[in-house]
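Let's take a walk through this structure together, one stop at a time. Keep the picture open as you read.

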2 protein chains.
Amino acid sequence: MTSSAASELPGIGEVRAAAVRLAGRIVATPLIESPLLNARLGLRLLVKAETLQRTGSFKFRGAMNALLQLDEGQRRAGVVAFSSGNHAQGVAAAAQLLGIPAIIVMPADAPAIKVANTRGYGAEVVLYDRWRESREAIGARIATERGASLVPPFDDARVIAGQGTAGLEIAAQAKALGASLDALVVPVSGGGLVTGCALALAAESPATKVYTAEPEAADDWRRSLASGHRLANDPAARSICDALLAPMPGEITFALGQRLLAGGFAVSDAEVLQAIAVAFADLKLVVEPGGAAALAVVLAGKIDARSKTVAVIASGGNVDRNVFARALAEA
Amino acid sequence: MTSSAASELPGIGEVRAAAVRLAGRIVATPLIESPLLNARLGLRLLVKAETLQRTGSFKFRGAMNALLQLDEGQRRAGVVAFSSGNHAQGVAAAAQLLGIPAIIVMPADAPAIKVANTRGYGAEVVLYDRWRESREAIGARIATERGASLVPPFDDARVIAGQGTAGLEIAAQAKALGASLDALVVPVSGGGLVTGCALALAAESPATKVYTAEPEAADDWRRSLASGHRLANDPAARSICDALLAPMPGEITFALGQRLLAGGFAVSDAEVLQAIAVAFADLKLVVEPGGAAALAVVLAGKIDARSKTVAVIASGGNVDRNVFARALAEA
């Protein structure tokens, strides 16, 4: 970890400040449960429905928290982000609400619907050839040429603090339900959501252990947490969890994760499809594959949670209808 | 309308009392919107996600509000309800939470999953032959024999007031979003939800017009409101909206509806399937056919809402996976 990253480690103060900043701008998503599902599993399972967050994923929280901290000049110059997925929509939607110009760098072969949605939020989309060009380089060049601010997807104190507001809500909602959380399991890619939430729970519910959930084919967090070093995924790794394929843990997020996380779990694509079907039938939630990874950890019995109270985050719902239909048919 | 019904008409006081009684016992379901969908429709659409209420529909509110008003002796003697659908689950789940014995009278040919779910909430299920026996008579006999209290599905002041708490939440949530509601559209069967919400909005947002939504094949409310008399549906009427097939408006609910409702709209099964698909793609909600009727009214342009702000209730999510897959495939 570089010293510059260390100096940027956010704390609970930044998460609390984000919650104040975001109040009224984000959906206070519910923490729901199914008595029937609880009885089947022999535990109490609370599900944070971030699928209902603006743009269909938690990413809006961190993006909005970052944008709200730009000064007037920075707002006029605009923001730039590279993403083909939920971060792109989070940044574009937050920028639109604040009247900030946004440029999103997306691969030219991204699904047309994702490009259209990002443009639908008023963003300018710059397409690149993912085989011959570097999105980081294009993003940096745009940032330099236009004076635009880069909004990183996870390795950024403002973004981590914004995602952590979901953790503050979970702690308060669990308390209101009379539930004492033994564990929280969170889908992980770069690590902004899980480490932000871990900051929140360390302060608000210190007895709660926080774990990562990711695909077996891209289990960099599980291995990195076990080894104490940031380890990369096989670049050829494939999983149905398209939102969970960051190459390796971030510098800032891993520094936080080493201190705050209890460990990691990995699930198969089949277990993820099963979790999507359970979320449909028992919780009435539309969850995308990556968003269902933490639920899959509990349903597949990867975590020993019998008679315990466990919360999971359903982190996103941007799933193609064919994938969803496949989950319903196979499960 | 009988005088006994007139004397039982609930008012805003009962709805407010229900909100106090239910606080912490119900899910405060979110009121969500999609900026992309709003842009496509040329209006602002706010969707109350009662699909996420306990048992997957709004019915839990009214059932819990009724049960909480039973005295100790009544609680010990238990409750009885007849329903093959969402009301059964609402009563069973509320009774279980309060430790009250519940008997649910269901048709012997009800789907096995619905019988299993109702038993899963701890209720005793009494099956009857829907072609040869009267569920009302069976329910009344059980109530007499065991001294159990009948919990009606809609024509009951306690039930209406409980459902109306959704309307209080909508008014407060719309205000927090800076939205001034021009209209609220609510799926209607017996009328408990729509009239309870109309009571709430008449007090909290008096400029909001409240409308019913129902299937074209069972448009008793639209016709009854237009004629000023309670009119029945054709008993042979069929619709994909299995939750919206009550034979005619209730006495109490129609008395309230005449005073408080602005009119009714009806939608086709195809329009309902389309609404289920939009709820999936744009709102990440699992909505059952009857629960999607109000959304369908807006999407199909049945109500002239251009440039206006309209709320709809997505009232339930208990949909068979085959029906849901059909909606995704056809839309």
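Our first stop is helix 11 of chain A, where the cover over the buried residues includes strand 8 (209-215), helix 12 (251-260) and strand 9 (263-267) of chain A. And which residues are being covered? Helix 11 spans residues 220-227, and its buried ones are D220(A), W221(A), R222(A), S224(A) and L225(A). Follow the chain just past the end of helix 11 and you land on G228(A), which takes a positive phi of about 85 degrees. Do bear in mind that everything here comes from a predicted model.

Now zoom out a bit. Chain A splits into two domains: domain 1 is made of 3-57 plus 156-330, while domain 2 covers 60-150. Going by C-alpha atoms, the centres of these two domains sit 24 Å apart. Where they touch, domain 1 of chain A puts in 23 residues and domain 2 of chain A puts in 13. On the domain 1 side, helix 2 (12-22) and helix 9 (157-176) of chain A each bring at least two residues to the contact. Helix 9 of chain A has the largest share of that side, with eight residues. If you sort the domain 1 side by class, you get eight nonpolar, nine polar and six charged residues.

Is I160(A) buried or exposed? I160(A) has 34 C-beta neighbours inside 10 Å, so it counts as buried. Look past the residues within four places of it in sequence, and I160(A) is in contact with P10(A), G62(A), G192(A), T195(A), G196(A), I252(A) and T253(A). Here's another pair to find on screen: I160(A) and F60(A) are 100 residues apart in sequence, and their C-alpha atoms are 12 Å apart in space.

For a contrast, hop over to E136(A), which lies in helix 8 (residues 135-146) of chain A. E136(A) counts as exposed because it has 11 C-beta neighbours inside 10 Å.

Next up, the place where the two chains meet. Chain A gives 28 residues to this contact, and chain B gives 28 as well. On the chain A side, helix 3 (35-41), helix 7 (112-120), helix 13 (269-283) and helix 15 (321-330) each supply at least two residues. Which helix of chain A gives the most to the side that touches chain B? That would be helix 15 of chain A, with four residues. In terms of class, the chain A side has 19 nonpolar, seven polar and two charged residues.

Our last stop is in chain B, where helix 4 (residues 59-67) and helix 6 (residues 86-98) pass each other. Their axes come within 8 Å and cross at roughly 45 degrees, so helix 4 of chain B is oblique to helix 6 of chain B. The crossing of these two helices is right-handed. Helix 4 of chain B makes the contact with K59(B), F60(B), A63(B), M64(B) and L67(B), and the residues helix 6 of chain B uses include N86(B), H87(B), V91(B) and L98(B). Taken together, the residues of this helix contact divide into nine nonpolar, four polar and one charged.

Terms used:
Residues are numbered from 1 along each chain as its sequence is written. Chains are lettered from A and ligands numbered from 1 in the order in which they are written. This is a predicted model: local features need pLDDT of at least 70, side-chain atom pairs count only at pLDDT 80 or more; totals for chains, interfaces and linings use all residues. Domain bounds come from an automatic or database domain assignment. Two residues are in contact if their C-beta atoms, placed from the backbone, lie within 7 Å. Ala, Val, Leu, Ile, Met, Phe, Trp, Tyr, Cys and Pro count as nonpolar, Asp, Glu, Lys and Arg as charged, and the others, Gly among them, as polar. A residue is buried if 20 or more other C-beta atoms lie within 10 Å of its own, exposed if 12 or fewer, and partly exposed in between; C-beta atoms are placed from the backbone. Axes are lines fitted to C-alpha atoms, for helices over the stretch in contact, and angles run from 0 to 180 degrees between N-to-C directions. Angles under 35 degrees count as roughly parallel, over 145 as roughly antiparallel, 65 to 115 as roughly perpendicular and the rest as oblique. A crossing is left-handed if the near helix is turned anticlockwise from the far one by less than a right angle, and right-handed if clockwise.
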